[in-house]
Amino acid sequence: MATEAISGEKTGTFTAESLPVAIGSLLEMNNYRVTHDVHLHGAQIDLVAESKGDPFAPKLYIEATIEYVSTAKFGKDVTKFILIQRQSPGSVCLCVSSTGFTADVNERAAASGVTTLTYQQLFQRFEKFGEYAEHILADKPIGQLVATY
């Protein structure tokens, strides 16, 4: 049940409340300290994450949305990210959407130093064993062995 909530597999959709929780849980399981609803420079940021294992890793500032992100929506978020990038050079600004981004948003985000990811893309960045498992299970004798046990 917990992994379904984090991967979004049970319903395939998120709510405005559940998406930041799922992102935070995913990051916490991957050795990040996560703070929700941070007020910074007069703006509210959904999540701020710091690596517990790498003291030199940049902080992650994350805006989470269930909307398909258009340039109008991105324009609101980018004003927050500009403040963050000026106050915390080297930090990573992420815009995570459960549904995606227009091509214009992806282009503008890349040019402005903001990373755009769908929730599924973020989830896949932490999945370290998927390709290995697929490779092993594709081997017919091993697949039969796994099916037997």
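This is a predicted model: local features need pLDDT of at least 70, side-chain atom pairs count only at pLDDT 80 or more; totals for chains, interfaces and linings use all residues.
I took two strands as paired if DSSP finds at least two bridges between them. For reference, strands of a sheet pair through backbone hydrogen bonds, either parallel or antiparallel.

I recorded the conventions. Residues are numbered from 1 along each chain as its sequence is written, and side-chain values use heavy atoms, with hydrogens and water left out. Local features need pLDDT of at least 70 and side-chain atom pairs count only at pLDDT 80 or more, while totals for chains, interfaces and linings use all residues.

**Whole chain**

I listed seven helices and five strands in the protein chain; helices (H or I, at least four residues) and strands (E, at least two) are DSSP runs, numbered from the N terminus. Along the sequence I read the pattern α-α-β-β-β-α-β-α-β-α-α-α. Of the 149 residues, 36% count as buried, that is, under 20% relative accessible area with a 1.4 Å probe, protein chains only. The accessible surface of the protein chain comes to about 9,200 Å², and 54% of that surface belongs to carbon and sulfur atoms; the areas come from the Shrake-Rupley method with a 1.4 Å probe.

**Strand β3**

I then looked up the cover of β3 (residues 60-65) and found six of its six residues buried. On one side these are L60, I62 and A64, and on the other Y61, E63 and T65. β3 pairs with β2 (residues 43-51) in the antiparallel sense over three bridges, and V48 stands opposite Y61. With β4 (residues 92-97), β3 runs parallel and is joined by six bridges. Within β4, V96 is the bridge partner of A64, and S97 stands opposite T65.

**Helices α2 and α5**

Last, I examined α2 (residues 18-29) and α5 (residues 119-126), which pack at an angle of about 10 degrees with their axes 11 Å apart. Axes are lines fitted to C-alpha atoms, for helices over the stretch in contact, and angles run from 0 to 180 degrees between N-to-C directions. The two helices are therefore roughly parallel, a term for angles under 35 degrees. L19, A22, I23, L26 and L27 of α2 meet Y119, L122, F123 and F126 of α5, contact being heavy atoms within 4.5 Å.

How values were computed
Angles under 35 degrees count as roughly parallel, over 145 as roughly antiparallel, 65 to 115 as roughly perpendicular and the rest as oblique. Buried means under 20% relative accessible area, exposed over 50%, partly exposed in between (1.4 Å probe, protein chains only).
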